[in-house]
Amino acid sequence: MAGAFSTLSEADSKALVAAHGIPVPREHLASTPADAARAADELGYPVVVKLCGDAIAHKTERGLVRLGITSAADVESAASELLAAASPEDGDVQVLVAPMLRGTRELIAGLNHDPQFGMTVMLGIGGILAESIADVTFRLVPIDRVDAEEMIDDLAAQTLLGPFRGEPAVDRERVMDVLVGLSRAAEADPSIVSVDLNPLIVVDGVPIAVDALVEVALVEVQR
Amino acid sequence: MTFPIDTEHFRALFDPRGVVVAGASAHPGKFGFVALHNILSCGFAGAVFATNLEGGSVLGVETVRSIADIPDGVADLVVVCTPAAANLELLKGCAARGIRAAFVTSAGYADAGPDGVRAQEELVAVAAELGILVAGPNGQGLVSTPSSLCAQMVGPYPSRGKIGLASQSGNLVSAFMNLATQTGVGVSRAVSAGNAAMTSVADFLEFYGSDPETAVGLAYVEGVADGRAFFDRMRRVAREKPVVIVKGGATAGGQRAAASHTGALATDDRVFDGACRQAGVTRAASFEEAFDAAASFATQPLPRGPNTAVVTTAGGWGVVTADAIARSDLRLAPLPDDLRAAIDQKLPPRWSRSNPLDMAGAETRDTIPEVLALTAAHPEIDAIVYLGLGIQSNEAHLMKSGRFYPDHGLERIVAYHERQDTRFAEAAAAISDETGKPVLTASELAVAAPGNPGPVTVRATGRYCYPSAERAVRALEHMWRYARHQQRRQS
């Protein structure tokens, strides 16, 4: 494939995938610490505050995510610090204020371009051990709901998908929505190079994309 | 494929009216001799011609010096054993004689550096212009049992069967045919793609999809040039009939070996795996598993569901098989009450009365065929794995070779044991035919004592005697996955 890539901001990435039926948290963009605090008041506590911009890809590694904030004052100071931490290369930045979602289980899903097979949909078990567990499965775009259901069946950690530690079973229909939504996004927008939904936190059985990163080609890619 | 190749080209390749061996040799170590030898000695019924620059007779065939001396319109296939440099002129002469297909064994093409790559491109361009399908070059040949055609440089020549083979590696074709011969399952067509200049493994599998002589395609691949196109084509073939693929280069180490062997590109193995599942292609993890799956598709009806019954006269094997089923996508079917009651009429109470249906030594003369028939006929059972065949004949073998035979009643009991195993194997096949359900017979005696009347009779019924229960379960699981893939996509 040819051409240069750029990343969309987290907010734009989420808007893109949400348009294809993928659940994302209810969240707000704020340009100032005061706006951020108002947004948090409206959402209810605790919240997460993250720096958000087109060029910011590795938020966690750079310490640009603040979790579990419980008051407006703390939101304001977190937002101030994050906005101050932005470097000139980050371009225009804002802060994203989101409810702090809790769930024991995490999934990952996405779109990736394979050099031989073209665009693929991926589903895997997420969390901090995800890479070493490597419980992932792929299909080629486009997929239908039958393919999506078989992807869920492919995962080795089926016990994680059932009722788990007081939480209900993962709603397989909603996971299928995510996978089919990714496939539709790839079909609808050929400029998409990759999508990374990492993690999808399972809340009351529903997988919600608490982070999203979409890479797009600046010029039409050849597939 | 580079020009519109149609089924007629493949017919010319696999079912030619006549064959020309170009570059026939009187030296038994040369390809040009071996190809002619194998075509003649394996019983090809059509006309056989041979060319040799110096003329003369080889194996009783009067060779001609030029392809121009072959009669017009009687040969469809040329097996090319001449040096690469001679082949363009040869193909032109072949086209003038009405030949539509060429298997090129000659090396010196893409296997031989940049000059060879150019020579190969030229070969393909000339053949396409002439309307000749080229298989190879640098391949070891082809087999087509419906035409009794063995146009290859190596053994074996397998019995006739329903497996269509294609491979990026010649010796894997031979290896699959060795198993097909040993097990009696047989082969319809087999071809080594060689450098795959014009026709690739995918092209052959596509032909097998439309070939009435072939029930299942079985392929070894190391990589595919255009994965997406390969996927689309295999999905179309798999809608018609099963395709079994074993892929080399699934690991980083294997990928390096494949890159030096066929120049295959590395792709994430999990992507290839997902693509196979999506297309309904049976991907086998090993050579044996691939053969077992293909042999099953070729000789058994597809299961309509996962509910599997184990019928056994060997308790331990029943337990091992239950474990294997539990680890698979199959289901160890709960024994239906009415079936239990029906079998209670046939056996004393010490049988297992659950699945696995273990006779526990309580069986009498007719029990096994009766239990197999009752079980297979039950609507809640989709498939049977039958274990314990050949045990009686194994003992009979000891009696027969001992010093007391044939006295003390041994002759009679030996004959009885052997007759029983023969009956059981025949019953398993007949019941499968009657019910349209798979009945897989597994016994290590298939390998350990292939002359045992049990395995011998399984082969005689056209079925495969699985060398272990675990391998039978894995093969049945592949059949169920294929059937399920079709079922889910029909509704």
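Trainee: Into which domains is chain B divided?
Mentor: This is a predicted model, in which local features need pLDDT of at least 70, side-chain atom pairs count only at pLDDT 80 or more, and totals for chains, interfaces and linings use all residues. Residues are numbered from 1 along each chain as its sequence is written, while chains are lettered from A and ligands numbered from 1 in the order in which they are written. Domain bounds come from an automatic or database domain assignment. For chain B, that gives domain 1 (7-297) and domain 2 (302-489).

Trainee: Which helix gives the largest share of the side of domain 1 of chain B that touches domain 2 of chain B?
Mentor: The C-alpha centres of these two domains lie 38 Å apart. Their contact takes 13 residues from domain 1 of chain B and twelve from domain 2 of chain B; two residues are in contact if their C-beta atoms, placed from the backbone, lie within 7 Å. Helices (H or I, at least four residues) and strands (E, at least two) are DSSP runs, numbered from the N terminus. The largest share on the domain 1 side, seven residues, comes from one helix of chain B, α10 (residues 287-299).

Trainee: How do the residues on that side of domain 1 of chain B divide by class?
Mentor: Ala, Val, Leu, Ile, Met, Phe, Trp, Tyr, Cys and Pro count as nonpolar, Asp, Glu, Lys and Arg as charged, and the others, Gly among them, as polar. The side of domain 1 of chain B that touches domain 2 of chain B then divides into five nonpolar, five polar and three charged.

Trainee: Are α12(B) and α13(B) roughly parallel or antiparallel?
Mentor: Take α12 (residues 337-344) and α13 (residues 367-377) of chain B: they pack at about 165 degrees, with axes 10 Å apart. Axes are lines fitted to C-alpha atoms, for helices over the stretch in contact, and angles run from 0 to 180 degrees between N-to-C directions. Under 35 degrees counts as roughly parallel, over 145 as roughly antiparallel, 65 to 115 as roughly perpendicular and the rest as oblique. So α12(B) and α13(B) are roughly antiparallel.

Trainee: Which residues in α13(B) are met by α12(B)?
Mentor: By class, this contact has five nonpolar, one polar and no charged residues. From α12(B) come B:L339, B:A342 and B:I343. They meet B:V371, B:L374 and B:T375.

Trainee: Which helix gives the most to the side of chain B that touches chain A?
Mentor: Here 15 residues of chain B are in contact with 14 residues of chain A. The elements of chain B giving two or more residues are α7 (227-240), α9 (269-279) and α18 (469-490). With six residues, the one that gives the most is α9(B).

Trainee: Is A:H58 buried or exposed?
Mentor: A:H58 sits in the loop between β3 (47-52) and β4 (65-69) of chain A. A residue is buried if 20 or more other C-beta atoms, placed from the backbone, lie within 10 Å of its own, exposed if 12 or fewer, and partly exposed in between. A:H58 has 8 C-beta neighbours inside 10 Å, so it counts as exposed.

Trainee: What is the phi of B:S148?
Mentor: B:S148 lies in the loop between β8 and β9 (149-152) of chain B. B:S148 is partly exposed, because 15 other C-beta atoms lie within 10 Å. B:S148 is not a glycine, yet its phi is positive, about 50 degrees.
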